[in-house]
Structure formats: C-alpha cells, structure tokens
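Welcome! Here is a short tour of a structure that may be new to you. Take a look at it first, and then follow the points below.

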Amino acid sequence: MTNILRNDLLKISNLIKDNEKVLDVGCGDGNLIYYLSKKKSVECRGIEITLNGVSSCLKKGLNVIQGDANYDLEDYPDKSFSTVILSQTIQAMIYPERVIENLIRIGKRAIISFPNFGYWKVRKDFLFSGRMPKNKILPYEWYNTPNIHLCSYKDFYDFCKLKKIVVENFFSLNEDGDVISNKLLVNLLTYQLIFCVSKK
Amino acid sequence: MRKKISSEKILIKEPLRLDSGDRLEEYQIAFETFGKLNKNKTNAILICHALTGDQFCTGKNPITKKNGWWHLLVGPGKVIDTNIFFVICSNVLGGCMGTTGPSSINPKTNKPFGLKFPVITIGDMVKVQNKLIEKLEIKKLFAVVGGSMGGMQALEWAAQYGNKINAVIPIAASYRHSAQNIAFHEIGRQAIMADPNWKKGNYYEKKIFPKRGLAVARMIAHITYLSESALQRKFGRNLQNSKFFSFGFDTDFQIESYLKHQGISFVERFDANSYLYITKAMDYFDLSIKKGGLKKVFSEKKLRFCFFSFTSDWLFPTFETKTILSALKSINAKSCFLEINTDKGHDAFLLEEPDFHSSLKQFILGQIKENKL
C-alpha cells in the first residue's frame, strides 16, 4: 500500500500521528488520506477541485467535497483539524497568502509541500537557456502552467517571518524524494520542500 | 383521470400528527419495491420522488406505460443496482398515486377530501415513509436518495431519523425553498385556482377537472426545470409546422408546442389538488428555522452525506448546497459533494448525465465496501 504514495506524501504521512484529524486540501485521488485512514486510523476529510479526483475519492469511501482552496476554506471553523495538508498545490493558488492564513487557522498546524524554485538546476536552466525552467514536478510550458506563484525556500521562509507564522520544522527532499539532512545550502540543493507551520 | 393503481398498499389505522397541528385519523401508503431484501435487512435503499413523481421509479409505469422516472439510474446492473439492493419507493403523502391525498376518500364523509385534506409538510411525508420502513421491519436503511423535492425529503430524513440511515444522497436539492421558487409555485397554484372547473377543490364527483389551470401550472414549472441554453439548443426559434409565421395565436414555435404537450400529458396523470398541497409543502420547507439552525439539525455523527448539484440548475443552484455544506463543515460531518457540469438545468438529475451517474456509482461502491455489504 505504501508504494502508491508519492515520496513527498510518504514523508508527510510519517509526520501524522495516530488518531489525528486531518484535512487534505487538494487531495487529488485521495491516496494520502486513504492511507492515513486505513493505516493510522486518522479521521480524514478532503477538498479536491477536479471531478475525477473527487470521484476516485468517493470510490475509496473517503469524505471529500469538490471545492477550490482559494475560496472554500473560509467556512471551516478555527482549529477544527489537528493537521491541514496542502501538498504541491500552493504554487497554483490565486491567493496563496489567504490560503496559508486559512490553513493555519483551520488546523493546529499546516503541512505545506512545494517545489523549490531556488533549486540549482532550476537556476542553471534559466541561466543557460534563458527560458522558463521545466522539470519533473514543473513539467508545464509558461503558457499553460497552473503554477502561477512559484517560490524558493528563502521566499517561503521570509514570508513566514513577515506574517509571524511559526516554522515548526521543515524537510528538504532531493530529486529522489529522499530527505537531505545537510541544512547548509538548503535553497540550492532542495528539489522539494515540506514545511510544518502554525499560528503564533 | 382516476385510474386504479396497482401498487402495494399498507393501511395505517392510527392517527398521524401533522406539523400543522392537524391530524389524519388513518392513512394509506402506496409503494413499489425492486430487488430483494437480504437476510440481515441491510441492503434497503429508499428513493424519494420529486413533486410530480411517483412510486414507479423504474420498470414500466402502469399508468403512463412509459419507463419509470429514474429507470436510467435504478435497475439490474444500473447505478442503484437492484441485483444488490432492495429499492423502496413510495408515493408521498398528499400525492395522487395511491397514498392518502386530497383525492382520497375522507372516511368521515365518504367523499373525496378535496380542500378538507389537512395541509402537509415535507416532514409529514417523511414521517409516513418512516412508518413504511417500520412496517417493512427495516432497522437501518443503506441510503435515502432523492432529487429535487426528493432531496428535501432525504435531508429531512437526515434531520429526523439520522440514526436510521447510513448515507443520505440529496441531489439538486436545498435545505429550503427560495423566494423565487415559492413565487413560481404560487403562479402555478393561482392558475389552478383560477380555472372555473376547480370549484374550490370540489371537482371529483362531477369528474370535470381543472385541466387548463393544471396544464398552465405545469408549463410554468417545466420552464424552471430546464435552462436557457438547453431551450436554445433543443428548440431555438424553430417553427413547429410551417416555414412561415401564422401571424395569429396558434402554435408557431416548437417551444410552444413542447410546453403545451408537457401541460396536456401532465393533467392526464396528476391531480390538481395534490399539486396545490405538495407545492405548498415544498414552500414551507426550511430546515434552517429549526432550533439551532442548520448546524444543529444534522446531529448524527455516523451519517454520511453525498450531495450532487448541476451547474445550470437555477431552481436549486449550487450555492444552496454549499450553504448546507458550510454548516456540515462546522460540525465536522462526513460529507461528499460534486457539482456536475451540464446545460440541462434542474432536470439533469433525471437525464443521461454520465459524470453524475459514474460518480454516484463510485460513492455507492465506496459505501458497499465500508459497510461490508
């Protein structure tokens, strides 16, 4: 069952304790919350924008509603979940600022994962080709990409500081999805980031 | 118009206390079942019909000789699979297809009730359905499903008897009837009451029915079930019979002909007084005025909700469903929701909508697995 999870999702699942209450924002096919609810008896809810995603979740018996994280988070009460997850989605949000504020309002903590735009290969691509960088998790052309708010490790860190958001922890992953323990040159060496944040 | 209805019937010889404070001394429930009830009685699905629907949700309707109104969805191998489920569908209280309604005989007078029939609510309809389920000795329903007014009943089930159902599936429905919907209903009722044959509801004995009024009511309502773009797509400005305008008041346009047909075929199968009573029941429906509002109405923690709405439905628009979802989010209820893209308007819940059908199927499959059916 574990092999159905993407590496970053597997890492996120390890951060969730048994019997937590989790909301997965942009839960896609529901693989992560299905795993959590079966393996860790976590009580899960999901929001997903696509019909196919929601439909797959329904088949898994998951409680998922179709919705847009930009607009549909407002009516969740404060602290109604122990953890709110937003994986690989923040860069596609129209209002990332508002979304993140909602995530840490709804959840006692939020786990946010995103591709690091400060990664050396991204920089190299842009430097040498002079064109918008593309890779496995950023596969789109500039004209059809849903990723409109890309940021780097440093950008996100600065944002948290500015908004007085507590960074409880973060994990930097390499291209294979393995955690890099080296905390030097994080911005340069990290392919994907996982941030655990909460409200002050 | 009055034909003998061949459904199964149960006569309940005990009074029914109605939301209005009034009561019915006894009442009959007409219903159909499809499929087989399993040994543990865990595979029963109650289907609630809409305003002008009936208990013949699938199979052949013996009155109209047409397919049941949800034959696309219900039947062997279909989304609601009668090889797996025991499907129950009853005519609503106030209806005219065998369940007690204004056209039934009032035991006190031995004449049809007419306007002596007490005013009823969606809550009363559900009380009667619950009685039927009790009589069938089913302790827990696998699901209650319904579209439009059927969705209102499904929500009422969740509110009144949430502990007796595993899942509730309201489709193209709302927690209350909006001002615009009440307005359309009132026009329909006025059309019926303005028909000289209506005679304050006493038309049964002379058998001269207020057909004109009821047909107009149906024509108005039918427009609200479609959408502007579907009307344009299906009919446009196409002419019915000739290439030229008649420059008179005969039927020129296809849409006129279509609506007239809808009106005429409707009066053959429906009672005008039932239309008055049932539309009023819908108008009174508002779960948010119950004590504590929507957040307090649905208190059963184990119950799962699965909502469907349709993008072009302007009778029960998506935001109505989202209002319920919002209340359900605040109590951490187990809810699912999908909005289906379609131009077919409110009636989409009755029509061929592959995305709707497949998603509903997925939900039911998920429920089968969760409940180990």
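Let us begin with two helices of chain B: α3(B) and α7(B) cross in a left-handed way (left-handed if the near helix is turned anticlockwise from the far one by less than a right angle, right-handed if clockwise). Helices (H or I, at least four residues) and strands (E, at least two) are DSSP runs, numbered from the N terminus. This is a predicted model, in which local features need pLDDT of at least 70 and side-chain atom pairs count only at pLDDT 80 or more, while totals for chains, interfaces and linings use all residues. Residues are numbered from 1 along each chain as its sequence is written, and chains are lettered from A and ligands numbered from 1 in the order in which they are written.

**Helix α3 with helix α7 in chain B**

- Helix α3 (residues 179–194) and helix α7 (residues 272–284) of chain B pack at an angle of about 160 degrees, and their axes are 10 Å apart. Axes are lines fitted to C-alpha atoms, for helices over the stretch in contact, and angles run from 0 to 180 degrees between N-to-C directions.
- α3(B) and α7(B) are therefore roughly antiparallel (under 35 degrees is roughly parallel, over 145 roughly antiparallel, 65 to 115 roughly perpendicular and the rest oblique).
- On the α3(B) side, the contact residues include B:Ile182 and B:His185, and on the α7(B) side they include B:Tyr275 and B:Leu276. Residues are in contact if their C-beta atoms, placed from the backbone, lie within 7 Å.
- The residues of this contact divide into six nonpolar, three polar and two charged (Ala, Val, Leu, Ile, Met, Phe, Trp, Tyr, Cys and Pro count as nonpolar, Asp, Glu, Lys and Arg as charged, and the others, Gly among them, as polar).

**Helix α4 with helix α6 in chain B**

- Helix α4 (residues 211–225) and helix α6 (residues 254–267) of chain B pack at about 130 degrees, with axes 8 Å apart.
- That makes α4(B) oblique to α6(B), and their crossing is right-handed.
- Among the residues that meet here are B:Leu214 and B:Met219 in α4(B) and B:Leu259 and B:Phe266 in α6(B).
- Eight nonpolar, three polar and two charged residues make up this contact.

**Strands of chain B**

- Strand β14 (residues 334–340) of chain B has six of its seven residues buried, so it is largely enclosed by the rest of the structure. A residue is buried if 20 or more other C-beta atoms lie within 10 Å of its own, exposed if 12 or fewer, and partly exposed in between, with C-beta atoms placed from the backbone.
- Strand β13 (residues 304–310) of chain B runs parallel to β14(B) and is joined to it by seven bridges; strands pair if DSSP finds at least two bridges between them.
- B:Arg304 has B:Lys334 in β14(B) as its bridge partner.

**Where the chains meet**

- The contact takes 22 residues from chain B and 15 residues from chain A.
- On the side of chain B that touches chain A, α10(B) gives the most, with ten residues.
- The buried residues of α3(A) pack against β2 (43–48) and β3 (64–66) of chain A, together with β14 and α10 (354–370) of chain B.

**Positive phi values**

- A:Ser41 lies in the loop between α2 (31–39) and β2 of chain A, has a phi near 40 degrees and is exposed.
- B:Lys199, in the loop between α3 and α4 of chain B, has a positive phi of about 50 degrees and is partly exposed.

Technical notes: Two residues are in contact if their C-beta atoms, placed from the backbone, lie within 7 Å.
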